[in-house]
Amino acid sequence: MLEKYFNWLAEVLLIIVVGLVFIILHSLYYSYGMMIFGEHSAAAIEMFWESEKLWSSIYTVAVIVIAVGTQIVRSFKSSKK
């Protein structure tokens, strides 16, 4: 029982980490890519951290809510059988 819980938690954490890597790459591209067009590096750094905080928190909360909701529905379905 406890092993299934840890496997589920590891899978959720893996999904979160992979998504956060893509969010970081996206934020880096759009924040530091603006330096090519003459944007100051301090503004690029500030823009990177603001977008990183926003999108990472939204993504993490959404994944956790979906994972917990799915697990609750699965437990209700298995208890009805």
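Me: What share of the contacts in the protein with a separation of 6 or more comes from residues 24 or more positions apart?

Reply: Happy to start there: it is 64%, where a contact means heavy atoms within 4.5 Å. Please keep in mind that this is a predicted model, in which local features need pLDDT of at least 70 and side-chain atom pairs count only at pLDDT 80 or more, while totals for chains, interfaces and linings use all residues. Residues are numbered from 1 along each chain as its sequence is written, and side-chain values use heavy atoms, with hydrogens and water left out.

Me: How many helices and strands are there in the protein?

Reply: There are 2 helices and 0 strands, taken as DSSP runs (H or I, at least four residues, for helices; E, at least two, for strands) numbered from the N terminus.

Me: Which residues of H1 are called buried?

Reply: They are Val12, Ile16, Gly19, Ile23, Ser27 and Ser31; buried means under 20% relative accessible area, exposed over 50%, and partly exposed in between (1.4 Å probe, protein chains only). Helix H2 (41-80) is included in what covers them. Over the whole protein, buried residues make up 16% of the 81 residues.

Me: What makes the pair Glu50 and Lys53 a salt bridge?

Reply: The term asks for a side-chain nitrogen of Lys or Arg within 4 Å of a carboxyl oxygen of Asp or Glu. Here the N to O distance is 3.4 Å, so the pair qualifies. Both residues lie in helix H2, 3 residues apart, about one turn of the helix. An α-helix has 3.6 residues a turn, so residues three or four places apart point the same way.

Me: Why does Lys53 count as exposed?

Reply: Its relative accessibility is 51%, which is over the 50% cut-off, so Lys53 is exposed. Glu50, at 45%, is partly exposed.

Me: How does the radius of gyration of the protein compare with that of a compact globule of 81 residues?

Reply: The protein has 18 Å, but such a globule would have a value near 12 Å; the radius is taken over C-alpha atoms, and the globule rule is 2.2 Å times the number of residues to the power 0.38. The C-alpha trace spans about 65 × 20 × 15 Å along its principal axes.
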